[in-house]
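This report goes through local features of one protein model. Please keep the sequence and the coordinates at hand while reading.

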Amino acid sequence: MAENFQKSLDTSGVEPHIHYSNERYHVTAHYRKKLPGKQGPQQEQVSGENGTQNLLCNFSGVRQCPDYAEKVRPMVKDGVYFIHEAIHSTPKKILVEGANAALLDIDFGTYPFVTSSNCTVGGVCTGLGIPPQSIGDVYGVVKAYTTRVGIGAFPTEQSNDIGDILQTRGHEFGVTTGRRRRCGWLDLVLLRFAHMINGFTALALTKLDILDVFSEIKVGVSYKLDGVKIPHFPGKLSVHESSLSSVELN
């Protein structure tokens, strides 16, 4: 853990005077993944002699953290006050980038296949301490097709040659895990749902060139639940698994 932390500091090019971290943030160390017991559905349980040895080895790196803390210390600030001053003193342009897609939001995503925080626009308030009235334009970034890593609801998924082409041409691999992303047509029902939550000022449509090889391009425009068209994205996972009978593609 300590060696990886040192390497990341040395190679990242981070300069303390222009990069800051909130003093209220948590630090996630590499040894967390070695703790006994499963940390998630896709992580193996650490057990046996080798697992214990790895755990102790990683914990030994914690004792070196005070040395690295001195490197990080100049980058740590009171984030709430820092942002407040940026908004209310000499006005600055503030750009906040979300790390995950709207449907991975812990409250509005396809639970339980979500992340652990709010990655919709509300995360600007809860994550940075920015008051709602200070939020200006909200830009939605959306691919010209839909992707997903791992299991979970995916109504417009193309488990065929189309999905393979999208995956290959788009170089669709999970950033953290390196797993192949599942691919399918753009789902306008999902996009409309994301807009309901975030209130997009504008959309940035990306990766249009990936679709160049298709003579016909489709998008999902509506869902049918038990044979009846519904005007919204259903909230219960059981709905996706059993009763969502079809997706209308145009």
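## Basis

The model is predicted, and local features need pLDDT of at least 70, side-chain atom pairs count only at pLDDT 80 or more, and totals for chains, interfaces and linings use all residues. Residues are numbered from 1 along each chain as its sequence is written, and side-chain values use heavy atoms, with hydrogens and water left out.

Helices (H or I, at least four residues) and strands (E, at least two) are DSSP runs, numbered from the N terminus. Buried stands for under 20% relative accessible area, exposed for over 50%, and partly exposed for what lies in between (1.4 Å probe, protein chains only).

## Helix H4

Helix H4 spans residues 79-88, and its buried residues are Gly79, Ile83 and Ala86. These lie on the same side of H4, because they cover an arc of only 60 degrees around the axis; the arc is taken from the directions from the helix axis to the C-beta atoms. An α-helix has 3.6 residues a turn, so residues three or four places apart point the same way.

Tyr81 and His88 are exposed on the other side of H4. The cover over the buried residues of H4 includes strand E1 (21-22), strand E2 (76-77) and helix H5 (122-128), where contact means heavy atoms within 4.5 Å. At the N-terminal end, Asp78 caps H4 with a side-chain oxygen 3.2 Å from the backbone nitrogen of Val80.

## Annotated binding site

UniProt (unreviewed entry) places the feature "binding site" at Val175, Thr176, Thr177, Gly178, Arg179, Arg180 and Arg181. UniProt positions are given in the numbering used here, feature names are shortened, and annotations may be inferred rather than shown by experiment.

Arg179 lies in the loop between helix H6 (161-169) and strand E5 (182-187), and counts as partly exposed because its relative accessible area is 30%. Arg181 is in the loop between H6 and E5. Leaving aside neighbours within four places in sequence, the contacts of Arg181 include Lys143, Thr147, Arg148, Gln167 and Glu172. With Glu172 there is a side-chain to side-chain polar contact of 2.8 Å from Arg181. A polar contact is a pair of N or O atoms within 3.5 Å; within protein, one must be able to donate a hydrogen and the other to accept it, and residues adjacent in sequence count only if both atoms are side-chain atoms.

## Aromatic rings

Three aromatic pairs are present in the structure. The pair of Trp185 and Phe214 is edge-to-face, because the ring centres are 5.5 Å apart and the planes stand at 65 degrees. This pair links distant parts of the chain, with Trp185 in strand E5 and Phe214 in the loop between strand E6 (202-206) and E7, 29 residues apart. Both Trp185 and Phe214 are buried.

Phe193, Tyr223 and Phe233 form one aromatic cluster. Rings of Phe, Tyr and Trp (its six-membered ring) pair if their centres lie within 6.5 Å; planes under 30 degrees apart count as stacked, over 60 as edge-to-face and the rest as tilted.

## Backbone geometry

The peptide bond from Tyr111 to Pro112 is cis, with omega near 10 degrees. Pro112 sits in the loop between H4 and H5.

His171 is not a glycine, yet has a positive phi of about 50 degrees. His171 is in the loop between H6 and E5 and is exposed, since its relative accessible area is 62%. Lys207 also has a positive phi, near 60 degrees, and belongs to the loop between E6 and E7. Lys207 counts as partly exposed because its relative accessibility is 28%.
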